[in-house]
Amino acid sequence: RMGDQQISGREPFEAPVRLKDIDLTGDSIGAKLAEAIAQVLKTNTSVTDLNMKFSRIGPEGAQALAHALKMNMFVGVINMEHNDIGTAGA
């Protein structure tokens, strides 16, 4: 769930301009959707909170998000607990 919008991993999406909170807790989005979200976060300036707890993003998704967040200084709250990212995704 992103704000008031429901998203599935089967469809491409673009984040709305004014979206502030991304909460995908327990949605099992996987690495591919995490990578798509990372692409959006590279240039998005409105998202401030990112919650992807229990989302099964794996090391690849975690790495993509980490690289994107190096470019995004607006996200201040990040929760990626319980995603089995291991040392490869850290």
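In helix 1, residues G30, L33, A34, I37, A38 and L41 are buried. Buried means under 20% relative accessible area, exposed means over 50%, and partly exposed lies in between (1.4 Å probe, protein chains only). Seen down the axis of helix 1, the buried residues fall within an arc of 150°, so they line one face of the helix. The arc is taken over the directions from the helix axis to the C-beta atoms. The cover over these buried residues includes strand 1, strand 2 (49–51) and helix 2. Helices (H or I, at least four residues) and strands (E, at least two) are DSSP runs, numbered from the N terminus. The length of helix 1 was also checked. Its twelve residues should span 16 Å at 1.5 Å a residue, and its end C-alpha atoms are 17 Å apart, which agrees. The expected span is 1.5 Å times one less than the number of residues in the helix.

The model is predicted: local features need pLDDT of at least 70, and side-chain atom pairs count only at pLDDT 80 or more, whereas totals for chains, interfaces and linings use all residues. Residues are numbered from 1 along each chain as its sequence is written, and side-chain values use heavy atoms, with hydrogens and water left out.

The chain has three helices and three strands. From the N terminus on, these elements run β-α-β-α-β-α. Of the 90 residues in the chain, 37% are buried. Contact means heavy atoms within 4.5 Å. Among contacts with a separation of 6 or more, 76% join residues 24 or more positions apart. The chain exposes about 5600 Å², and carbon and sulfur atoms supply 51% of it. Accessible areas come from the Shrake-Rupley method with a 1.4 Å probe; for residues, only the protein chains shown count as cover.

In soluble globular proteins, nonpolar side chains tend to be buried together. A nonpolar core is a set of buried Ala, Val, Leu, Ile, Met, Phe, Trp, Tyr and Cys residues joined through side-chain atoms within 4.5 Å. The largest such core here holds 19 residues, of which I22, I29, I37, L41, L50, M52 and L65 touch the most other members. Helix 1 and helix 2 each supply at least two residues of this core. Leaving aside residues up to four places away in sequence, L50 touches I22, L41, L65, L69, V75, V77, I78 and N79.

N79 lies in strand 3. N79 is buried, with a relative accessible area of 18%. Beyond its neighbours within four places in sequence, N79 is in contact with L50, N51, M52 and K53.

P59 lies in helix 2 (residues 58–71). At 22% relative accessibility, P59 counts as partly exposed. Apart from residues up to four places away in sequence, P59 touches D84, I85, A88 and G89. P59 and T87 are 28 residues apart along the chain, and their C-alpha atoms are separated by 8.0 Å.

Most residues other than glycine have a negative phi. S28 is not a glycine, yet its phi is positive, at about 50°. S28 lies in the loop between strand 1 (21–23) and helix 1 (30–41). With a relative accessible area of 38%, S28 is partly exposed. H82, also a residue other than glycine, has a positive phi near 55°. H82 is found in the loop between strand 3 (77–79) and helix 3 (86–89).
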